[in-house]
Amino acid sequence: MTDTPTNDTSEARASHPVGRRTVLIATGATAATLAVAAVPEAPATPTAPVAAAAVCTLTKEMTEGPYYLDGQLVRSDISEGKAGFPLKLNLTVVDDDTCVPLSNALVEIWHCDALGEYSGFVGNNGHDEPDNGTFLRGGVLTNSSGVASITSVYPGWYVGRCVHIHVKVHTNVTLTSDGSFTGGQELHTGQLFFNETITARVGALSPYSANKVTRTTLARDSIYDDGGAASGLLTLTALGSSPSAGYTGTLTLGVERS
């Protein structure tokens with residue numbers, strides 16, 4: 001796609017149809033708190049094991065936005081050496097009707113770098129840097145437990161949007177000899193969001209602080225609807241005592257297969 005956003009409504013205008021049913025499975029671990037060092041939160045209410053305690057909650061899909069590129073690489077590490085703090089995503093895909101994990105589903109993500117630039121569209125956020133069309137893009141097949149583990153860096157931001165990651169879930173894809181994929185059925189298009197307190201800490205440090213574009217907060221974003229985990233808000237866990245050590249991000253995504 002070639003659309004270039006100019007304000008916080010651009011992604012809405014370039015949106016993917018929102019008619020497909022999608023769910024997120026909200027558990028005490030994924031919906032109640034953000035487990036982050038130095039960010040005290042009230043403890044979650046004790047729950048039964050995840051499989052027994054899961055509550056299927058229907059939610060709308062989020063816009064695809066203008067920066068999607070077809071045929072990206074199937075790989076577990078999409079960082080390509082880009083500057084930024086480590087981000088290790090563990091995204092679990094389940095069937096919304098049965099809450100059973102979906103194995104061999106392709107979870108594809110893409111997001112901007114610390115300066116708010118997307119590969120394939122570098123310059124749209126006002127920065128000049130090399131553009132190979134692949135950095136911070138790619139996906140991985142879920143394992144037998146329905147988990148897709150992807151390594152990247154904490155995203156930056158661009159004009160009119162809060163910090164976020166785009167995500168798609170596909171099934172029945174065919175892997176190609178060049179390391180990409182083709183075909184299959186697209187079950188979900190959404191976005192992943194980040195705790196505002198953590199993002200503010202990350203944004204104050206290099207290399208993120210070099211991005212002089214005014215950052216839109218989570219509360220003022222035109223896409224995020226304050227729905228918490230049901231709208232893609234990640235559970236973040238610090239990997240160390242400093243933001244530069246990075247974070248893990250977890251979320252359970254339930255998809256409508258029919």
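This is a predicted model: local features need pLDDT of at least 70, side-chain atom pairs count only at pLDDT 80 or more; totals for chains, interfaces and linings use all residues.
Close-up 1. In the pair shown here, the ring centres of Tyr118 and Tyr158 are 5.4 Å apart with the planes at 70°, so the arrangement is edge-to-face. Tyr118 belongs to the loop between S4 and strand S5 (137–141) and Tyr158 to the loop between S6 and S7, so the pair ties together parts that are 40 residues apart in sequence.

**Close-up 2. Tyr154 in the largest nonpolar core.** This core has 37 residues, and Leu91, Ile109 and Tyr154 touch the most other members. Among the elements that give two or more residues to the core are strand S3 (86–95), strand S6 (147–153) and helix H4 (196–203). Not counting residues up to four places away in sequence, Tyr154 touches several residues, including Leu87, Ile198 and Leu236.

Close-up 3. You will find Val93 in strand S3. Is Val93 buried or exposed? With a relative accessible area of 0%, Val93 is buried. Leaving aside neighbours within four places in sequence, the contacts of Val93 include Val100, Thr142, Val169 and Leu253.

**Close-up 4. Two lysines over aromatic rings.** The charged end of Lys82 sits over the ring of Phe135, 4.1 Å from its centre. Likewise, Lys168 has its charged end over the ring of Tyr68, 4.9 Å from the centre.

Methods
Residues are numbered from 1 along each chain as its sequence is written. Side-chain values use heavy atoms; hydrogens and water are left out. A nonpolar core is a set of buried Ala, Val, Leu, Ile, Met, Phe, Trp, Tyr and Cys residues joined through side-chain atoms within 4.5 Å. Buried means under 20% relative accessible area, exposed over 50%, partly exposed in between (1.4 Å probe, protein chains only). Helices (H or I, at least four residues) and strands (E, at least two) are DSSP runs, numbered from the N terminus. Contact means heavy atoms within 4.5 Å. Rings of Phe, Tyr and Trp (its six-membered ring) pair if their centres lie within 6.5 Å; planes under 30 degrees apart count as stacked, over 60 as edge-to-face and the rest as tilted. A charge sits over a ring if NZ of Lys or CZ of Arg is within 6 Å of the ring centre and within 35 degrees of the ring normal.
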